[in-house]
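This report goes through selected features of one model, taking up sheets, nonpolar cores and an annotated position in turn. Please keep the sequence and the coordinates at hand while reading.

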Amino acid sequence: MSQEKLAKEIVELVGGEKNVVSLVHCATRLRFVLKDDAKADKAKLEKTEGIIAVKENGGQFQVVVGNKVPEVYSAIGQISNILDDSSEKEQPKKSAKGLGGIIDVISSIFAPLLGVMAGAGILKGLLLIASNVGWLETTETTYKILFAAADSLFYFLPLLLAVTTARKFQGNMFVAMTIAGALIYPSIVTLKAEGTPIDFFGIPVILMNYSSTVIPIILAVIVMSKLEKFFNKVLHESVKNFVTPLFLLVIMVPLTLLVFGPFGVYVGNAIASGLVAAFGFSPLLAGAVMGASWQLLVIFGIHWGLIPVFINNIAVYGRDGVKPAATASIFAQTGAAFGVMLKTKNKKLKTLAGSSTLTALFGITEPAIYGVTLPLKRPFIAGVIGGAVGGAIIGQAGTQAFASGAPGLLTLPIFYGPGGEGFPGLILGICVSFVVAAALTYIMGFKDPVEEEEKEKSTETTKPSERTAASSDQEVLSPIEGTIVDLSDVPDPAFSSGAMGKGIAIEPAVGRVVAPFDGTITVAFKKKHALAVVSDTGAEILVHVGVDTVKLDGQHFTSHIQEGDRVKAGDLLLEFDIAEIKAAGYHTVTPIIVTNSTDYEEVVPLITGQVRVQEPLLTLYGGKGPEQE
């Protein structure tokens, strides 16, 4: 599929251009902020060729597309106005709060910088190696020019963070950059170096070294964006375009130097000291925990909370001892994918595992995790174990990172410091993590898809006559028109876990429920949000409209049945108002559950994508039938 075609499908399936508030991308994911997540067709996106996975974390709707994400992102910009300045766009009615909100902010601020940060980190690492082995002297102008290219991003990091933070909080990025520039302005840097006592209208100013810092400018720009909205609201249109920036500069630069700067530096130093202390207490244990948990943190998006810590450690100490252990986790999942490639007999899975292994070696693990190890479960567990073993080795070796960059083969130079101390431990750790994960994956095995295919073929070829003669199969017609959703994706554990029974779910396009077969209404809930019907052959079907809609107390529902009613396939049972239910804050995805699933050998879905009313939806094989009960 061409990137332009894929871009068009993604935009359409996230609810259209008008449903997109903002879009950024990281190494493998398109990170959307949507006005209404319910308008996005997650199930269809996951089945679209070219999309590896779809995740919802920290208030973001994330579409994982792998290494081609820059091209897809660019294509979205060409076919839509999504990438235009979004400061005037309508914001979502609700945003993530608590930990999810913090992760959303951090990922939005740092994700756009990861690519150039990795490139600069690799160059910095190569220069460290070149100077250590004597290929380049640090006094040579060649070295100084290349070092300037590698180090400028980190030295001027507050300027770059000012831009991304301003974008996130809809502030004026040029004012934000000016505030950041003031923090590293030459005369301010000179005052700090000389130790000259300074004040602002008699108020003492505690100067800090703000180059490479993270927290001070983020705090300053967040406050600046709030003040900017206030001034733009109260000032007359004829003067606000230049008076607002004036007020912001006069207020924010001194306030940052007096308050946000020192506070941010102290907080960053405290976090850095805490992590350094943890690794100092037991580097082996701390490394094992980091190596085991890093990919779990990535899956839930929590790893973004540690990225500023890595950067801050390098700014404060010139090195970071936490990040190297995470490298073991990367290579462990790579090894697990490699183990799958060796073990599987399924040609498609073997190809996917092979390409994912190659990609993961360079630090991009999403295709390996979401496409291979996590769906198969045991390989992912093997990767966690391998990461713990490798992380323990790396932690005990005292390996340090001397520049930023996503862990992978190309970025190994960032871990090579003066004298190469700790670097052999890193190499040993990642090799062990890879081998352990690959070996465990091969030994533990997994449910190979080819075995399932053979089982299905065997069932189809050897049992049709038996089924016809000895069982009462039941076809269930779709009671609702809409889009098929996998039951595991229903945001209610009672249904998604299968505890209520096997089945399927539908995101309704029309607010009508009809009878899925000839039968009898056994339950008609007083709140009208759900009903149960049993077929003449004994199949028991529960149709539950929406999630937690019982709390609506019958509002927006109209029932047309009573318990005990005889119904024929296609009879209208229930009507509901989709728009009103969503406006009340409830999901409308509707589970259709076979509550007596254990009475059947198999419950087989018959359709994916769009489904119309009365289309065959499920087949229940091997039921007892009334004569057998």
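This is a predicted model: local features need pLDDT of at least 70, side-chain atom pairs count only at pLDDT 80 or more; totals for chains, interfaces and linings use all residues.

The pairing of β10 with strand β16 (residues 572-576) is antiparallel and is made through 3 bridges. Within this pairing, V513 has L574 in β16 as its bridge partner.

## A four-stranded sheet

An open sheet of 4 strands is also present, with the order β1-β2-β4-β3 and antiparallel pairing. Its edge strands are β1 and β3 (53-57), each of which pairs on one side only. From one strand to the next, the twist averages 20 degrees.

Between β3 and strand β4 (residues 60-64), which run antiparallel, there are 5 bridges. Here A53 is found opposite V64, a residue of β4.

## The annotated position C26

Which position carries the feature "active site" in UniProt? The record, an unreviewed entry, places this feature at C26, and in the model C26 lies in the loop between β1 (20-25) and β2 (29-34).

Is C26 buried or exposed? Its relative accessibility is 8%, and because residues under 20% are classed as buried, C26 counts as buried.

In soluble globular proteins, nonpolar side chains tend to be buried together. In this model, the largest nonpolar core comprises 38 residues, and those with the most contacts inside it are F110, L157, L161, I217 and M224. At least two residues of this core come from each of the helices α4 (98-110), α5 (114-132), α6 (141-155), α7 (157-168), α8 (173-183), α10 (215-234), α11 (237-281) and α13 (307-317).

For L157, once its neighbours within four places in sequence are left aside, the residues in contact are L113, M117, S212, T213, V214 and I311.

Note on methods:
Residues are numbered from 1 along each chain as its sequence is written. Side-chain values use heavy atoms; hydrogens and water are left out. UniProt positions are given in the numbering used here, feature names are shortened, and annotations may be inferred rather than shown by experiment. Buried means under 20% relative accessible area, exposed over 50%, partly exposed in between (1.4 Å probe, protein chains only). Two strands pair if DSSP finds at least two bridges between them. Axes are lines fitted to C-alpha atoms, for helices over the stretch in contact, and angles run from 0 to 180 degrees between N-to-C directions. A nonpolar core is a set of buried Ala, Val, Leu, Ile, Met, Phe, Trp, Tyr and Cys residues joined through side-chain atoms within 4.5 Å. Contact means heavy atoms within 4.5 Å.
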